[in-house]
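Me: I have this one open and would like to talk it through with you. Please begin with how you name the pieces.

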Amino acid sequence: MSLHLRSKFVVAGLALGGAALAAGLALAQAPAFFRIGTGGTAGTYYPIGGLIANAISSPPQLVSTAVASNGSVANVNAIVGGAAESGFVQADVAFWAYSGTGVFEGKPKVEELRSIANLYPESVHLVVRKASNVKSVADLKGKKVSLDEPGSGTLLNAKAILAAFGVGEKDITPEYLKPNQAAEKMKDGSVDAFFFTGGFPAAAISELASTGSGIDILPITGAAAEKLAKDFPFFAADEIPAGTYKDVGAVKTVAVGAHWMTSSKISADTVYAVTKALWSDKTRAALDAGHAKGKAIQKATALNGLQGVPLHPGAERFYKEAGLLK
């Protein structure tokens, strides 16, 4: 081979080697994209997702965006289908997806689902008319009780709670109304009680408390509540503070967490970085200033109600380092 030809090969080899090295460096610095499936733009998931995505993004290493969606079930499907790396999911929906029960009955178990964090509680409100003189869940026997509409998480929560306290649907006159419709019917006495699962204060209940003839919110506590949490690990103990609703004192109840979920297919390093960023001072400031429910997102309650779906190894690593897990 001539010297000229050999030198051409050496130059070409160096160029290829340089290109490979450059490609390797680019690959090493390639950003991790981390989409968060949220909910409708008028709900709570969407603005909270936007705050978190902005706060945890640190280009070029991590780029996160919040994506509007149809909520919990849609987010589970997006995680499985690869349309999102993560999503906000009501704890009961996450449990049902992972175990193939509830709204996922008869469908394959979503075994790749993994938890990142519990964000904030969606409290179970069991609202009764003061005049009905109902003081406990057991007292609902023989009463007209709205359990929320078919397909709602509240309806499934309500049935589980009634059963835990020894009250079957045959023991009550059940109605299947949205909370605002149930509140209207409570004003004229055609409904004695209704269930609502959601963040407090709930507008329909606030309005009822201030304009009707007075309400109580029944406690969901004691041995029956403990059994409930054992049978359905997505329930966590909760309290609605005194004064949340007019003339209603503090009420001990149960809550279903709004959980941040991901897939076992996402790398541990990425989920570790995301979890660490979620609990950073920067994100704390954004959550405190950005939304009423942001203040409820606390590291101390990050693991509440997560027993139904395993933690992602990346998140687990962070919580062990932070001393929240042994």
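Reply: Helices (H or I, at least four residues) and strands (E, at least two) are DSSP runs, and they are numbered from the N terminus. This is a predicted model, in which local features need pLDDT of at least 70 and side-chain atom pairs count only at pLDDT 80 or more, while totals for chains, interfaces and linings use all residues. Residues are numbered from 1 along each chain as its sequence is written, and side-chain values use heavy atoms, with hydrogens and water left out.

Me: Which strands does E3 pair with?

Reply: Two strands pair if DSSP finds at least two bridges between them, and E3 pairs with E1 in the parallel sense over two bridges. E3 and E10 run antiparallel and are joined by five bridges.

Me: Switching to the hydrophobic part: how many residues are in the largest nonpolar core?

Reply: A nonpolar core here is a set of buried Ala, Val, Leu, Ile, Met, Phe, Trp, Tyr and Cys residues joined through side-chain atoms within 4.5 Å. The largest one has 39 residues, and those with the most contacts inside it are Leu 113, Leu 140, Phe 195 and Phe 235. Two or more residues each come from helix H3 (72–81), helix H4 (91–99), strand E4 (113–129), helix H5 (153–164), strand E7 (193–198), helix H8 (223–231) and strand E10 (251–263). H4 is the element that gives the most, with six residues. Apart from this core lies another one, of 29 residues, which includes Tyr 45, Ile 52, Ile 116 and Ala 302.

Me: What does Leu 140 touch?

Reply: Leaving out residues up to four places away in sequence, Leu 140 touches Leu 126, Val 128, Val 134, Val 145, Leu 162, Asp 171, Ile 172, Ala 193 and Leu 218.

Me: New topic: how many aromatic pairs are there?

Reply: Rings of Phe, Tyr and Trp (its six-membered ring) pair if their centres lie within 6.5 Å, and planes under 30 degrees apart count as stacked, over 60 as edge-to-face and the rest as tilted. By this rule there are nine aromatic pairs. One of them is edge-to-face and joins Phe 318 and Tyr 319, at 5.5 Å centre to centre and with 75° between the planes. Phe 318 and Tyr 319 are both buried. Elsewhere, ring pairs link Phe 95, Trp 96, Phe 232, Phe 234 and Phe 235 into a cluster.

Me: Which charge sits over the ring of Phe 200?

Reply: Counting a charge as over a ring if NZ of Lys or CZ of Arg is within 6 Å of the ring centre and within 35 degrees of the ring normal, the charged end of Lys 293 sits over Phe 200, 4.6 Å from the ring centre. Arg 317 lies over the face of Tyr 272, at 3.7 Å from that ring's centre.

Me: Last one, on the backbone: where are cis peptide bonds?

Reply: Pro 59 and Pro 60 are joined by a cis peptide bond with omega about 5°, and Pro 60 is in the loop between H2 and strand E2 (62–67). The bond from Phe 200 to Pro 201 is also cis, with omega near -5°, and Pro 201 is in the loop between E7 and H7.

Me: Is Asp 148 buried or exposed?

Reply: Asp 148 is buried, with a relative accessible area of 7%, and its phi is positive, near 85°. Asp 247 also has a positive phi, near 65°, but Asp 247 counts as exposed, at 63% relative accessibility.

Key:
Buried means under 20% relative accessible area, exposed over 50%, partly exposed in between (1.4 Å probe, protein chains only). Contact means heavy atoms within 4.5 Å.
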